[in-house]
Amino acid sequence: MADAKRAAVLGSPIAHSLSPVLHRAAYEALGLDGWRYDRFEVDEAALPAFVKGLEAEQERWAGLSLTMPLKRAIMPLLDGIGPVAASVDAVNTVVFTPDGRKVGDNTDVPGMVSALRERGVDEVASAAVLGAGATASSALAALSRICRGEVTAYVRGEARAEQMRAMGERLGVTVRTEEWSRAARAFSAELVVSTTPAGTTDELAHAVPERPGALFDVLYEPWPTALAAAWSARGAAVVGGLDLLVHQAVLQVELMTGRSPAPLAAMRAAGEAALAAREV
């Protein structure tokens, strides 16, 4: 079809990404015949040449999804950056506009908010963040929208603590930091957001209290994490990484295709089926 477009996810490593599954499910549900969504292994060194190579056929491209380690590396290569992406210094979405511009955005932050609201978490009085990486910065931005009180970040080392405090000040969030050795104290918060790599919080699962608040664990593979399983066993609300992945992808599809609403249910079902197939 003449109006069919292309999109892709870039990152390194990228083979594990579920983004193609989610976006292709959206295209099928929306009737966007001929639209393609691919994945490309691209690291920071190769990114400028890759983006430059798209310019000759940019009119065929709808957009790009960016995963690690490219969320900051892409920013100098763009013609414009949206306010949410600028606030956290991270772009996970690039939209190619009809006038030939490349505009960066961030759907991780509103995706987190949407995923929480879907599970009934609209507003909290206190929150805790486990970790201090790029996802933790997005978590702080999301918490700036729903947390009325203080956010405590549990991190390793003063340098990371300072980064989190500075990010909080930038976002208008009061951030107090604690050493990782005290991370179990996070569980007294109304909402706990875990942004750490797989296995990092396993040692904390035994410390989940009888009546915990809500947990947002950004991992989706393996799932459930030991912490999420312990949380669920207490009957408390758990939001997982697939929830985040789907909600941020919904926003990406809407930005890239101009079609709204994107088919959330179809995208979630496709993601769940893909993860189940990996477990076989």
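Q: Which residues does Gln248 touch, not counting residues up to four places away in sequence?

A: This is a predicted model. In it, Gln248 touches Asn92, Thr107, Asp108 and Gly111, with residues up to four places away in sequence left out of the list.

Q: Where is Gln248 found, and is it buried or exposed?

A: A residue counts as buried when its relative accessible area is under 20%. Gln248 has 5%, so it is buried. Gln248 is found in helix 8, which covers residues 241-257.

Q: How far apart are Gln248 and Glu279 in sequence and in space?

A: The two separations are read side by side, one along the chain and one from C-alpha to C-alpha. Gln248 and Glu279 are 31 residues apart in sequence, and their C-alpha atoms are 24 Å apart in space.

Q: Which feature does UniProt place at residues 241-270?

A: The unreviewed UniProt entry gives "domain: SDH C-terminal" for residues 241-270. In the model, this span is 80% helix and 0% strand. The C-alpha atoms at its ends lie 15 Å apart.

Q: What does UniProt list for residues 9-94?

A: The record, again an unreviewed entry, lists "domain: Shikimate dehydrogenase substrate binding N-terminal" there. The model has 30% helix and 22% strand in residues 9-94. The end C-alpha atoms of that span are 10 Å apart.

Q: Is Lys102 buried or exposed?

A: The test is again whether the relative accessible area is under 20%. Lys102 counts as buried because its relative accessibility is 7%. Lys102 lies in strand 6, made up of residues 102-105.

Q: What does Lys102 touch, not counting residues up to four places away in sequence?

A: A contact list names the residues around a given position. For Lys102, with residues up to four places away in sequence not counted, the list includes Val51, Glu55, Gln58, Leu77 and Leu78. Asp79, Gly80, Val94, Val95 and Phe96 are also touched by Lys102.

Q: Where is Glu55, one of the residues that Lys102 touches?

A: Glu55 is in the loop between helix 2 (47-54) and strand 3 (61-66). The relative accessible area of Glu55 is 36%, so Glu55 is partly exposed. Glu55 and Arg101 are 46 residues apart along the chain, and their C-alpha atoms are separated by 9.9 Å.

Q: Is Glu28 buried or exposed?

A: Exposed residues have a relative accessible area over 50%. Glu28 is exposed, because its value is 69%. Glu28 is placed in helix 1, residues 19-30. A separation of 9.6 Å is found between the C-alpha atoms of Glu28 and Pro263, which are 235 residues apart along the chain.

Q: How many helices and strands are in the protein chain, and what box do its C-alpha atoms fill?

A: The protein chain has 9 helices and 12 strands. Its C-alpha atoms fill a box of roughly 60 × 40 × 30 Å along the principal axes.

Q: Why does the radius of gyration agree with a compact globule?

A: A compact globule of 280 residues would have a radius of gyration near 19 Å, and the protein chain has 19 Å, so the two agree. Of these 280 residues, 53% count as buried. Among contacts with a separation of 6 or more, 65% are between residues 24 or more positions apart.

Q: What is the accessible surface of the protein chain, and how many side chains are positive or negative?

A: The accessible surface comes to about 12,300 Å², and 51% of that belongs to carbon and sulfur atoms. There are 27 positive and 34 negative side chains. The centres of the two sets lie 1 Å apart.

Key:
Residues are numbered from 1 along each chain as its sequence is written. This is a predicted model: local features need pLDDT of at least 70, side-chain atom pairs count only at pLDDT 80 or more; totals for chains, interfaces and linings use all residues. Side-chain values use heavy atoms; hydrogens and water are left out. Helices (H or I, at least four residues) and strands (E, at least two) are DSSP runs, numbered from the N terminus. The radius of gyration is taken over C-alpha atoms; the globule rule is 2.2 Å times the number of residues to the power 0.38. Buried means under 20% relative accessible area, exposed over 50%, partly exposed in between (1.4 Å probe, protein chains only). Contact means heavy atoms within 4.5 Å. Accessible areas come from the Shrake-Rupley method with a 1.4 Å probe; for residues, only the protein chains shown count as cover. Lys and Arg count as positive and Asp and Glu as negative; His and the chain ends are not counted. The place of a charge is taken as NZ of Lys, CZ of Arg, CG of Asp or CD of Glu. UniProt positions are given in the numbering used here, feature names are shortened, and annotations may be inferred rather than shown by experiment.
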